[in-house]
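This briefing walks through a few places in one protein model, taking them topic by topic. Please keep the structure open beside the text and look for each place as it is named.

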Amino acid sequence: MANWLFNKSSNDAVSNVLSEGGPVRAGATFAAELRFEEVSKNYGERAALAGLSLDIAPGEVLCLLGPSGCGKTTLLRVAAGIERPDGGRVLINGREVAGPERFVQPEARGVGLMFQDFALFPHLTILENVAFGLKALPRAEARREALTVLARVGLERYAEQYPHILSGGQQQRVALARAIVPRPAVMLMDEPFSGLDVQLRESMQQETLALLRETRATTMIVTHDPEEAMRLGDRIAVMRAGRLVQVGRAEDLYHRPAELFVARLFSEINEIDVKVAAGRAATPFGPVAAPGLGDGERATLCIRERSVGLTAVRANGGGEAQGLAGRVRDARFLGDAMRLEVVVEGFEAPLNVRTRVGHDVARGSEVRLCIDPSDVIVFPSSNGKDT
Ligand code: ADP
Ligand code: MG
């Protein structure tokens with residue numbers, strides 16, 4: 001694998017990023033910390049960012065996940081310096097790049113940007129497109145470096161061609177090469193894979209991740225796809241309405257979602273209205289711990305579709321039947337799972353259950369259901385219901 005990323009002395013790289021109004025090229029031979037402190041940004045009356053604080057560790061890949069319109073692109077633009085925050089500060093390696101008294105221009109931040117639509121220049125060759133990120137270098141040197149990166153993404157044979165001849169995935173590679181050739185200490189990517197076919201997406205995700213690891217660039221990837229966030233992020237920051245809801249590893253967000261909103265993102269769940277008494281929610285499966293909820297409060301019980309244990313009841317089978325009795329109202333084959341709608345005694349609405357294929361559970365089957373109480377989460381009723 002080419003080592004073009006490491007052929008520059010690290011002192012040089014550090015001084016590039018740290019110097020005032022430094023040059024376009026910033027080294028990624030060291031890793032930079034990206035920090036947002038109470039950042040706010042308003043468009044008219046509307047707060048696109050409402051006092052958001054977030055730390056991204058040197059070399060970390062953080063996925064920013066949230067629904068459309070929650071402020072993801074705005075945060076990325078603020079980090080890049082395309083947008084000025086109305087309040088708070090942005091720091092790269094402890095150096096303030098945006099704040100009340102200070103604003104460092106985008107080209108002096110050592111930040112690389114990649115957008116969803118690739119935005120290649122149609123009238124420039126593919127090599128010129130990549131070399132575009134190296135305007136500060138002498139032409140011959142810029143071309144040489146661009147060619148090395150183009151080779152790294154497997155496209156050097158197209159160097160003298162124009163972008164229109166490339167497929168979507170190839171254009172994406174060129175855009176990636178262009179963003180990364182100046183060796184940015186921080187890479188900011190706005191929904192970089194959403195324009196690709198599903199088949200292509202996964203391989204591009206893996207290639208991009210490998211390249212980012214080589215560069216050691218601290219990376220923020222914006223996405224609205226929870227699976228993509230889990231696949232790519234060392235950590236995931238969940239955003240809603242200009243604020244951070246929760247930040248953590250995929251496992252943390254999955255097992256310990258801070259809000260119903262987060263739980264919904266990471267698994268298919270049944271949401272059941274329940275009442276709390278003595279710190280527990282009464283359910284047909286038995287009582288479930290409802291920490292922090294008061295007597296008489298209404299709460300939402302979350303049961304993951306995949307966490308429901310299901311056994312088929314055989315007409316003349318022996319043994320004690322365990323669990324709640326139910327009848328399958330609908331059964332759908334989903335490839336690696338069956339999705340069942342089960343009418344269960346004690347529940348007003350049918351429960352949705354995902355189970356491995358192979359169960360003998362056609363429509364009309366009698367089944368027994370059980371849950372693992374430690375895998376069930378209870379949220380206050382108002383929590384996350386507004387979105
Ligand atoms: P996301 O990327 O999460 O979809 P954005 O950051 O693009 O969200 O937008 C956040 C909010 O700010 C949205 O309500 C959007 O309409 C608004 N917004 C973004 N950019 C502008 C702008 N230039 N002018 C006015 N409103 C904007
Ligand atoms: Mg956006």
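Predicted model: local features only at pLDDT ≥ 70, side-chain atom pairs only at ≥ 80, totals over all residues.

In sorting residues by class, Ala, Val, Leu, Ile, Met, Phe, Trp, Tyr, Cys and Pro count as nonpolar, Asp, Glu, Lys and Arg count as charged, and the others, Gly among them, count as polar. With that sorting, the shell around ligand 1 has four nonpolar, five polar and two charged residues.

**The shell around ligand 1**

- The residues that surround ligand 1 are Tyr43, Arg46, Ala48, Pro67, Ser68, Gly69, Cys70, Gly71, Lys72, Thr73 and Thr74.
- Two elements, β2 (46-56) and α2 (72-80), each supply at least two residues of this shell, and α2 gives the most to it, with three residues.

**Polar atoms beside ligand 1**

- A polar backbone atom of Gly71 is 3.0 Å from an oxygen atom of ligand 1, so here the backbone is the part of the residue to look at when a polar contact is taken as a pair of N or O atoms within 3.5 Å.
- In Thr73, a polar side-chain atom lies 2.8 Å from an oxygen atom of ligand 1, while for Thr74 an N or O atom in the side chain is 2.6 Å from an oxygen atom of the ligand.
- On its own, ligand 1 has 560 Å² of accessible area, and the protein covers 61% of that area.

**Helix α6**

- Helix α6, made of the 18 residues 198-215, reaches 26 Å from its first C-alpha to its last, which is close to the 26 Å expected at 1.5 Å a residue.
- Within α6, the residues Met204, Gln205, Thr208, Leu209, Leu211, Leu212, Glu214 and Thr215 are buried.
- The elements against which the buried residues of α6 pack are the strands β3 (61-65), β8 (186-190) and β9 (218-223), together with the helices α4 (139-152), α5 (168-180) and α7 (226-232).
- Just after α6 comes Arg216, which takes a positive phi of about 60°.

**Glu297 in its loop**

- Glu297 lies in the loop that runs between β14 (288-289) and β15 (298-304).
- Is Glu297 buried, partly exposed or exposed? Glu297 counts as partly exposed because its relative accessibility is 34%, and partly exposed covers what falls between under 20% for buried and over 50% for exposed.
- When its neighbours within four places in sequence are left aside, Glu297 is in contact with Val274, Lys275 and Val276.
- Glu297 and Ala277 are 20 residues apart along the chain, and their C-alpha atoms are separated by 7.8 Å.

Notes: Residues numbered from 1 in each chain as written. Chains lettered and ligands numbered in written order. Heavy atoms only, no water. Near = heavy atom within 4 Å. Polar contact = N/O pair within 3.5 Å; in protein donor to acceptor, adjacent residues only side chain to side chain. Areas by Shrake-Rupley, 256 points an atom, 1.4 Å probe, with all protein chains shown as cover. Helix = DSSP H or I, 4+ residues; strand = E, 2+ residues; numbered from the N terminus. Buried < 20%, exposed > 50% of the residue type's maximum accessible area, 1.4 Å probe, protein only. Contact = heavy atoms within 4.5 Å. Expected span 1.5 Å × (residues − 1).
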